[in-house]
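Try each task before you read its solution.

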Amino acid sequence: MAITRAEHNAARIRAGEFIERAGIPVTDGELAGIETADLGLGELEQSGVQIVTLVDTDQIAAKVLVLFPNQTEPEHRHPRLGEYAGKEETIRCHWGELYLYLAGELAPSPKGSPPAHRRHTYTVWHEHILMPGDQVTLAPDTLHWFQAGPEGAVIWSFSTKAIDVQDVFTDPDVSRETIIVD
Ligand code: ZN
């Protein structure tokens, strides 16, 4: 599955508007470099994430993630890769509301709800509701997924070295590569 260049550009511009609303200063270059990850599912409004990379070195990464209203980043983990234990990541809500799910006690009535046709690929349901200023640190190789509330969300991701293409998603239909067609 792929998204069109027009869809990709529209998503990038829209993500930029969320970042401005959230009051996070970024450069024009960073805005132009916003990555729109539809995860190969071709349903960006429902499943995907927009990523502004601010720092990405061999040691650490700092990114701003934009989620459109009710948009979901599907369940995945950051696996061990040889000597590297895998990415440890802190997710911090800056604007909007984020529903984050990890392994553990099932939320009795979760606020988040993944796209109905993919619900079977969501296996962890311990809920954290993150409002601005709230954060959660995920150990390497921890299954997680998250969804923005009805207004969308702008969140920080602070982590050890990011090797996003190696992320392991529960949904076999996900591919980390975004294919853009004209
Ligand atoms: Zn992750």
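**Exercise 1: A glutamate and its partner**

Glutamate 45 has a relative accessible area of 48%, which makes it partly exposed. Keep in mind that this is a predicted model.

Task: work out which side chain glutamate 45 meets in a salt bridge, and where the two sit.

Step 1. The partner is arginine 14, at 3.1 Å from N to O.
Step 2. Now place them: arginine 14 belongs to helix α1 (residues 5-21), while glutamate 45 is in the loop between β2 (35-37) and β3 (49-56). That's a link across 31 residues.
Step 3. Check the cover on the arginine: its relative accessibility is 27%, so arginine 14 is partly exposed too.

**Exercise 2: Follow arginine 118**

Task: find out whether arginine 118 is buried or exposed, then trace its salt bridges to glutamate 43 and aspartate 173.

Step 1. Buried means under 20% relative accessible area, and arginine 118 has 11%, so it counts as buried.
Step 2. Its side chain meets glutamate 43 at 3.0 Å, N to O. Arginine 118 is in the loop between β6 (89-102) and β7 (126-130) and glutamate 43 in the one between β2 and β3, so this pair ties together parts 75 residues apart in sequence. Glutamate 43 is buried as well, at 12%.
Step 3. Aspartate 173 also forms a salt bridge with arginine 118, at 3.4 Å. Aspartate 173 lies in the loop between β10 (168-169) and β11 (180-181), 55 residues away from arginine 118.

Note on methods. Residues numbered from 1 in each chain as written. Predicted model: local features only at pLDDT ≥ 70, side-chain atom pairs only at ≥ 80, totals over all residues. Heavy atoms only, no water. Salt bridge = Lys/Arg side-chain N within 4 Å of Asp/Glu carboxyl O. Helix = DSSP H or I, 4+ residues; strand = E, 2+ residues; numbered from the N terminus. Buried < 20%, exposed > 50% of the residue type's maximum accessible area, 1.4 Å probe, protein only.
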